[in-house]
Amino acid sequence: MLPYAPWIAWLLPILGSALVPAFFRIHKRAGELYSILLIAAAAAASFSMVPDVYGGRSLLVSVPWLVLPGGEVLEFGLLVDPLSVLMACIATGIGLLILVYSVGYMAHEEGLPRYWFFMTFFIGGMTLLVLSDNLAGLYIGWEIVGICSYALISFYYHRKEARYAGIKAFVTTRIGDVMLFAAIALLFAKYGTLSVSEIAHEVELHGIEPQLMTLAMLLAFGGAMGKSAQFPLHVWLPDAMEGPTPVSALIHAATMVKAGVYLMARFSWTLIPVEHLGTSGLDQWYSLMISIGAFTSLFAATMGLVMNDIKRVVAYSTISQLALMFTAIGAGSIYGWTAGTYHLLSHSAFKALLFLAAGSVIHAVGTNDIDRMGGLRRYMPVTFYTALVGVLSLSGIPPFSGFFTKDLIVNSLLKGGHWVPLALVTAASVLTVVYSFRWLSRVFLGEFRGGEVHHPDGHGGLHESPPVMTTPLVVLAALAAVIGLPPVEEQFLHFFGIEEHIEVDPMAYAVSALILGTGLLFSYLYFLGGRLDPASVRSGALRPIHTLLVNRYYIDAAFEAVFVNGFIKLASAVRRYVEERVIDGLNYASARAFVYFVQAFRYIQTGSSNVNVGGIAIGIFLILIFLLGRLLGYF
């Protein structure tokens, strides 16, 4: 481990980001290079911790932070264990690749100091979140990624859609943030500490209080639902595509949306002994997590089928894949926990790859509409073949990573007897194969449908993105190709100190074969082989379903009607009937009464000093008589 590596990994990006605008004043390249070096140093610190935690080892480092009433000192601790180091490596490692890619993608954009500041600050906040042993530190990191996501989603603030998308993300995730804060307050009230390690020690000594811990975990899951965009708090994530594509990749693959999965993995790994995952008494927590996860996986996949925005297809895929991770962790077993965290690692690689490939295409054709693409395989071979790796991994085609990690999820559901979630996950996985190959075929195969193309760099025609953009694609494609292989899986288990060999039920392979067979069949009939016309789905008996999916089940419209327009109407009614008629009415009535009193009182003001002095004398005399009477007992 590098000296002070746990502190460097998050402090350097957070503090160093403040100097980003200063370096951009020197030169644009100086600002970009400085930002990349910041995250490179953070990544080096994160990866240097891997040998120290390999095998399930952990290290707790802390410093005095705050003095509480009574003289007690609150420590700020960092928990360096396999889970936190894995997440730190994902945030800084993939974040570094995205920043390198940004040099090419954002080359002709305005507002670059703002962009690079928030990108580095974002990565630092996420690294703080995952390394913090202190729940207050975790919550600070949680809020940092929230404010950075708001700023980056609305980066193109001159566009109304971008401004609204940023506000929507901020407000929607804030609902979950309040629930997480309540969970942290509840745990602090019970255990008198904000240290996850100390709470875990108390739990180990005295056992779990199922009612209190269930309530805390349910509230924390509410926070995870907001950050990781699970139904019904999923509505912000597709609209987050209004931000620059590298931002989409950072949010969806390396940082913010993974925070919710990490939180659930952290609590179920640290607060509950691993060997007691299935017998912890937290059945309600696990049941809600697996139910919401399984439903959301299918729910989001259906919408991914019909989207025509190249990034929104991948965005709905993100919601669905995050739901698979929650489903696996919600299985409440070491098999499910391992499957969920392993799929988190796999997903980080192939989802970053798909978003950056989408950005490479947008950079080439100048549009997000897949109906104005096609045939790009000939013009952009590197982007095509790397995107193909991402699609094969997302679809779960062997031997790419998604096949192995999804198999583990299916296996955990089979071993736990979770048949309904298994059915929903199976259906979602079939749709994943279909929308993935639809995306690939509409973008890269066939003939180009976009007309004449003009580039900001002045070069006309279609051509491959520059090496600064394609190199991260190649690196991510290599990772997506090997992460799931059996030797890597074995090392992954050893990394967490899990010596138990995970036997995969033969039925899991049968389910995977069913998923791939069905998904590839429909993909061939409608997209790859062209046997059936996809446009036929938009007419006839399926037209109402297609309309329902295109309009996203009208959930966004319902939220707009209830929580936006409804709130405006409620506020108007309160203003009219409460503020104007009641509050203002009382104020005006009080003012009029005071005016009447003054008008009545003015008549006793004669203007004669003799009368006024006489009145004062009479008043004093009466007061003295009253006091004397009280003294003698007459009153």
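Student: How do the residues of the lining of the largest cavity divide into nonpolar, polar and charged?

Tutor: They divide into seven nonpolar, five polar and two charged residues. Here Ala, Val, Leu, Ile, Met, Phe, Trp, Tyr, Cys and Pro count as nonpolar, Asp, Glu, Lys and Arg as charged, and the others, Gly among them, as polar. The model is predicted, with local features needing pLDDT of at least 70 and side-chain atom pairs pLDDT 80 or more, while totals for chains, interfaces and linings use all residues. Residues are numbered from 1 along each chain as its sequence is written, and side-chain values use heavy atoms, without hydrogens or water.

Two cavities of 30 Å³ or more are found in the structure. A cavity is a set of points on a 1 Å grid over the protein atoms alone where a 1.4 Å probe fits but cannot get out, and lining residues have an atom within 4 Å of a point. The largest cavity has a volume of about 110 Å³ (the space filled by probe spheres set on the points, which are joined across faces, edges and corners). Its lining has 14 residues, and Lys 406, Asp 407, Ser 429, Ser 512 and Ile 515 are the closest to the centre. At least two lining residues come from each of helix 18 (401–416), helix 19 (419–444) and helix 22 (506–528), where a helix is a DSSP run of H or I of at least four residues, numbered from the N terminus. Helix 18 gives the most, with six residues.

The second largest cavity holds about 60 Å³. Val 313, Val 314, Ser 317, Leu 354, Val 391, Leu 394, Tyr 435, Ser 436 and Trp 439 form its lining. Two or more of these residues come from each of helix 15 (310–330), helix 17 (381–395) and helix 19. In this lining, seven residues are nonpolar and two are polar, with no charged residues.

Glu 242 pairs with Arg 312, and their closest N and O atoms are 3.9 Å apart. Arg 312 is in helix 15, whereas Glu 242 is in the loop between helix 11 (236–239) and helix 12 (245–254), so the pair links distant parts of the chain, 70 residues apart. Both Glu 242 and Arg 312 are buried (under 20% relative accessible area, with a 1.4 Å probe and protein chains only). Salt bridges with shared partners join the two to Arg 159, Lys 168, Asp 239, Arg 552 and Asp 556 in one network.

Terms used:
On a 1 Å grid over the protein atoms alone, a cavity is a set of points where a 1.4 Å probe fits but cannot get out, and a pocket is an open set with protein on both sides within 12 Å along at least five of seven lines; lining residues have an atom within 4 Å of a point. A salt bridge is a side-chain nitrogen of Lys or Arg within 4 Å of a carboxyl oxygen of Asp or Glu. Buried means under 20% relative accessible area, exposed over 50%, partly exposed in between (1.4 Å probe, protein chains only).
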